[in-house]
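These notebook entries record what I looked up in the structure shown below.

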Amino acid sequence: MSTLNHLLAACMQDAADRAMLEATVLHHTTLEGDFVLVQDSSGAALALATSTDVQRRPFETALRDRARAAAARAQAPLLIICSWRTIVAFSVDALTKRKPLCDCVVGIWEGARVSDEHQLEAAAHRVSITECLRLALTQSTENAIPWLTSVLNELRVLFPTAEAHKLADVLQLADLPVVLPPIPVSYPLLIDLLNAYAAEQQRRGGGGLPAVPDLHVDVAFTELASNLLYEITTVDGLGGDVNERREYLQLWLALETGMPVPTYNAIDLALISSGLDLSPRMAGQHQPITVVESGSSLGRLAQRLSALVPGAVVEIQAGLQSDPHTCLQTLERLSIPATGVLLWFAPLAVLREKSYGQVRRTLIERFHLRWVILDDAESLTTPDKSVCCLVATSVDGIPHASATSFVNIRLPMSEVIPSLGNPDVFDEDRIDSLRTYVKYLAIGKRSRVNQQVSVRHIERSVLLSMVLDPESSWDYLLVPPDVIASIVSKVAPTLRSLRSIAEVTNGLRTGANDVLAPTIAEIDAEQLEAESWQRKDADGVITDNVLITTADEVESIAGIVTTEKRLLMLPDDRSVIGTHVQARLARAEQGGVSNRPSLRNRDPWWRIPEFVVPDLLFFKNQGDRWLIAINSTQAIITDAAVGAVLHNPEHAESVALWLNSSLGMFWYLLLRQHEYVADVTVRDMCELQVPTDDVLLRLSGKKHRDMLYRPITSVADEFGTSNADDIHAEKIKRDRRRLDTVIMHDIYQLTTEEQRWVYRLVLTWRSTTTNLRYLGTALAAQLTATHRVVPLIDWYDVRIAQLPIGTSRTIVLPPEITSVSFEHGMFSWHISLWSGQRVVNAIDCSSEAEAELLATLASFGKRTLEVPTDAPLIEEMLTLAREFSHRLTTALDEITSTLPADIKADVIMHVKQALI
C-alpha cells in the first residue's frame, strides 16, 4: 500500500470512530490498484476510498472510472476520492449507470490547504481531513449537494484571501454564452475576452454584467476557470435562465457570509399569517400596504408582493437584525400604518435572553404581535441561523384581550401540507393549502399540541404582565410541552434518588488550611515527617492524605487530581508529633492561628474533625463545568465539595457516567430549586436522580474510558456551542455523544427531537431558572393526556362565553394576592383576599355558592374571575368546579409523588397555571 493510502487508512479509521460507526478499515488490493475499504460490523462494505497526489483533481475521468470499477466489485455504495485538498464522495450506483456528474456527486469538502505531500504530516491538516472523511461516511445519495455548490467550494480553495462578493462576480461569467478558447489559455487573456464580451452586451442594450475583478490567483486557475464555466453552463437542472443562475449565486454568497435569507415557504407563511389575502384573484382589490422587512430577503419579499398585491411597499429595517440596543431604537421609531405589517425574522435570542427584555416590552406595547413562528424541522432561512418569524401589525383598534399565537412547526412543511408544490412558484392550490393551514393554527383559543405542531395562544394582557418583569423570558412558550412530558414518562420510572444508594456527606472544615494543608513543595522544604501527611489503611497500604479544596484541582470524571495539598493528621499528644511538624505548629501559634474563631473551641486546635473518604465528589461551585468525579485517589474533601459513599462501590464508574452524561445533567437541572444557580448543596446531591441497577449495568466504564479520563471542560465546549438554538449532534464532543447515544437512544429510546431538546434545555437552564415552569407545563400536558383533566378554558370559559350580555360579572384580583378564602360576615357571604398572612380586601357575594365558586377558581391560580349572576347557573358551575378540583387534586398527588418536597409546591402552582 502506498504511503498516501496508509495515511488515508489511518484518517479513515479515526473518521469512522468520530462518526460512531462500528466499522473496520482494511487494505483492499484489486486489478485496478490499492484502495482503502470500510466495512461495517457484519462485513458489508460501506465505502471504498482512494488517495491521489495533492496536485491532481479528484474529478479526473480515468481516476474516477478505475476507482468506480473497484468499488462496484466490492459492492460499496460510496466511492471517496481524496486529493487531500479536496475530498469528493460519489454514488457508485449513479456512476455505474453513467448518470450526469451532478447526480453522481454525493458531497465535496475542502480538506487541507496543502501544496505538497510533506505538509500532510501536520496534525492540524490531518484533523481537517479526518473531519471531511467523517462527513463523507455519513452522507447518502439523498443528501447530494448541487454540483454548482461543489464547484464554488472548490474555487474557494484557490482564492483563500479573496472576498466572497468578488468570487460571486467571477461566477457571473456563467451568464455569458461564449465559446471558450481551448486549454491551455492564459488567465489574463480569458479575462480580456470575457470583459470584451460584457462590454459588447452592454453596448447592444443587454443586461448589465459586472466587470470581472482582477484577482491574484495561482496557476491552477487556468484549468479550473475553463472547466468551471463549461460545467456551470452545461450542468443539468440549473436551467439556462440568467436570473435563476444569478439568484443561485446570491444564495451561495449569503451562505458564505452567513446572512440569513428567508425561504419562500417562510415568507408565504408569514404573509398569510399576517391576515393579508394573497390570492391572485384578489389582486388590485387591496388598499396599498406597507411590509417592514428586517435584514434582506434578496428581493424575495418584494417579488412576492409585487406579483400579488399591486401597490405594496417594502421597507427594509436592517437594524432589527442587530444587537438589543439597535433593535430597541429601531422599534421605538418604527411606525406601521393600519394596512401595514411587520415581518421580522429575528434571532431566537430575542425571545429567550434577558438582554432583549426591553425589546420584548416595546414590541408588545407598540404593536399587536400576532404570530411567533419557528420551525423545528427545517430552517426558516438559508443558511440556518436559528431564527423565528415575528408577525406584528398596528396596535390601533386591537382589543386588549387579543392573543399572540406561539407556533412551533415540528414536521417539515412539505409533509404537513401535501399540496405545497414548488415554493418558488405561486399557484392557487398552494396558497389555499397555506391559508387552510394557518386557519388550523389560529382556530379558537385552545392550545393544540400534536406530532405536527405546537400552538399556544397567549392573551396580550398576559404578555404585557410578563414583560414588566425584567427577569421574564418567553422561552418556555417555544418548547412543545409533550416533549418534556415524554422524556419524563420514559426516564422517570427507572430513577431513584442518590440518597437511596449512598450516604451523602459534607466535606471537612479545618479552619487553618494554610497550616494544616501544606503543599508538596512545603513538605519538602520543611522536611515534614511522612507519618503526619500519610495514612495506613487496614491492609497496611500507605496513602497520601490528598486534600481537594476546589473543583479546579480535579480534571476528569476518573478523579485525576492536580492538587499538591496534603492534610496533616496529627495526634492530640504534642510530644509524639514529629519535630519538624512541631516547628510548623509553633510558627503558626506565634502568628495567632490558634486564636481564630473557628479554632477557639478545639482542644487541641490542630485536631481534624471526623471525616469520611467518599466514592464520588460533587463540587459546590463548578463554574462553567459540570463534573461529578470518582474519588480514585481516596482524597479528602473540604467543605467546598459534597461527597457520596456508595452502598455498592462497584457502581462508582456507572453512576459517575450517568451523572456526567447530558441526560443526567438535564435531570439535575430539571429538579433544581429557583434560588440555586451556581452553588450546590447537600440537598442537591441527595436529590440527584440515578437509574436502577439494570440501567447502571449497561454503562460500562471500559467502553467509555475516553470520557472517564479526559479533562472535562465547560458545558459550552462539551456541546460545541453556548447557543441553545445552535445545537447539532456533530458539534458535541465525540466521546460525550457516544455516551449520550447509549443512554438516550439505546436505553431510553428518546427520539431525535427529544434528544435535541435535552441539549438545548441544559444550555438554557444553566443560565436561567425556568426549569420548574417547564416541568409544570409538561406535567399539565401529561394530566390532560392520561388523567382526563380538561383545562379550565375548555369547559368553564366556554360556558361563560355563551352567556347573554349582562348575565355575568368579572372580578380581577390584584397581582399581590396569594390566596382567597370565603366566609359569612355580619350581613352576607364574602371572599377575603390574602397577601401572605394578611387580609388586604374583601368582596361581597350574593350567596354562599358564589363565594365558594370564586374561591375555588382563585385556588386554581386564576386571577380574572368571571361568574354568572343567575343562581341556578352558579350552582351548576360550582358543581363542575368541585369535580374539577377533586380530579385535579387526586391526579396531582399521584403525578408529583416522586418530586422532591421542596419543589413540589412550586411545580403544582405551575401545573395549575398551565390548566387555566
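I looked up K731 and found a relative accessible area of 33%, so this lysine is partly exposed. I took partly exposed as the range between buried, under 20% relative accessible area, and exposed, over 50% (1.4 Å probe, protein chains only). The side chain of K731 meets that of D726 in a salt bridge, at 2.5 Å from N to O. For a salt bridge I required a side-chain nitrogen of Lys or Arg within 4 Å of a carboxyl oxygen of Asp or Glu. D726 is likewise partly exposed, with a relative accessible area of 22%. I also noted one network, in which salt bridges with shared partners join E522, E526, R584 and R587.

The model is a predicted one, in which local features need pLDDT of at least 70 and side-chain atom pairs count only at pLDDT 80 or more, while totals for chains, interfaces and linings use all residues. Residues are numbered from 1 along each chain as its sequence is written, and side-chain values use heavy atoms, with hydrogens and water left out.

I next examined R607, which forms a salt bridge with D572, with 2.5 Å between the closest N and O atoms. This pair links distant parts of the chain, 35 residues apart: R607 lies in the loop between α23 (579-590) and β22 (616-619), and D572 in the loop between β21 (547-548) and α23. For these elements I used DSSP runs numbered from the N terminus: helices are H or I of at least four residues, strands E of at least two. Both partners are partly exposed, R607 at 38% and D572 at 41%.

I then turned to R410 and D482, whose side chains meet in a salt bridge of 2.9 Å, N to O. R410 sits in the loop between β14 (403-409) and α16 (413-416), and D482 in helix α19 (residues 481-491), 72 residues away. Is R410 buried or exposed? Its relative accessibility is 11%, so R410 counts as buried. D482, at 25%, is partly exposed. In total, I recorded 32 salt bridges in the structure.

For helix α25 (residues 662-670), I found 9 of its 9 residues buried. Among them are F666, W667 and Y668.

Finally, I noted the overall composition. The protein has 36 helices and 31 strands, and 50% of its 916 residues count as buried. Of the contacts (heavy atoms within 4.5 Å) between residues at least 6 apart in sequence, 70% join residues at least 24 apart.
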